[in-house]
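Biologist: Could you take me closely through the aromatic side chains of this model, and say how their rings are arranged?

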Amino acid sequence: MQHFLLSTQARSLSLKTVFRMSEDEAYQHFCQLRWPETDGEAVCPKCGCAETYNITSRRRFKCVACHHQFSVTSGTIFASRKLSFVDLLAAIVIFVNGAKGVSALQVSRDLDVQYKTAFVLSHKLREAMALEQQNRRLDGVVEIDGAYFGGHVKPANVKAERKDRRLAENRNGKRQCVVVMRERGGKSLPFVVRNEGEAVPIARQRISPQAIIHADEGTGWDVMYGIWETKRINHSVRYSSDTACTNQAESFFSRLRRMEVGTHHHIAGQYLHAYAGEASWREDNRRISNGSQAMLVGESAMASAVSRQWAGYWQRRAA
């Protein structure tokens, strides 16, 4: 039987189709994404009135009730956009088509924009993807695991001067732990913490008390026995058993590692949570067509408020 990702059903939207669109056609697609409940008819974001004047010469609307003027991208992450609607739609398609992510350099070349423009746009799309995970709670059988990223220490040139980089005193303090909680047959939630034990309080907030937890032999998970029904697997002995398995959590880390090694190369530091969220989204939606994925990202982007972190070419400084 043919794998879904190799079938024609997985390819429901192509860049060729997007670039054949007129600007008006792409604009109508964004109207449908912004106001699906009114079939693309504008709704005032200020007062909620569905009666508006259409200022076609500037692609803007004016509310009949409060006279507020707005556009299809007002109040979204695409507010104050400079790219055309065709380019924005193409950027979304390019972004979702990468099974292990797409580098900002490739986006900049495909769209013929500056690298900084592609970098900020890509992070805005990751911010929109994270909207799906904000209030998510997991139940049933939940696998939990952690993996460490960043903090690479270059070994000394002379062998006699090399130190054991596994020891805490020989690290640089930049290593971060990504913990993923993944519901079997459901969704996943990633978090960035200093060590696996710090994820337990987060897990108590996001995982149902009736859930069954599967974890590895890491000591950070020992406290979970008093909170959930917990099953453990010793990976030094076997990868899975009839009673415990964390292979779906490992699948998430496999994708994130390949994103780090083969696409983005440097995902640690302040951006690690964004790339972890992207990997989680790709894992959760890997069995739907690329056209449906593009629509999901587009809907999230049009439902997301103006980004307070990604403004202009670079992100705002922390307050």
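Modeller: Trp-35 counts as buried because its relative accessibility is 4%, where buried means under 20% relative accessible area, exposed over 50% and partly exposed in between, with a 1.4 Å probe and protein chains only. The model is predicted, so local features need pLDDT of at least 70 and side-chain atom pairs pLDDT 80 or more, while totals for chains, interfaces and linings use all residues. Residues are numbered from 1 along each chain as its sequence is written, and side-chain values use heavy atoms, without hydrogens or water.

There are 11 aromatic pairs in the structure, a pair being rings of Phe, Tyr or Trp (its six-membered ring) with centres within 6.5 Å, stacked if the planes are under 30 degrees apart, edge-to-face if over 60 and tilted otherwise. Among them, Trp-35 and Phe-70 are edge-to-face, with 6.2 Å from centre to centre and 75° between the planes. This pair links distant parts of the chain, 35 residues apart, with Trp-35 in the loop between helix 2 and strand 1 and Phe-70 in strand 3 (DSSP runs numbered from the N terminus: helices H or I, at least four residues; strands E, at least two). Phe-70 is buried as well, at a relative accessible area of 1%.

Phe-119 and Trp-310 are also edge-to-face, because their ring centres lie 5.7 Å apart and their planes meet at 75°. Here the partners are 191 residues apart, Phe-119 in helix 5 and Trp-310 in strand 9. Phe-119 is buried at 11% relative accessible area, and Trp-310 is buried at 4%.

Elsewhere, ring pairs join Tyr-27, Phe-30, Phe-78 and Phe-85 into a cluster, and Phe-85 is one of the buried residues of helix 3.
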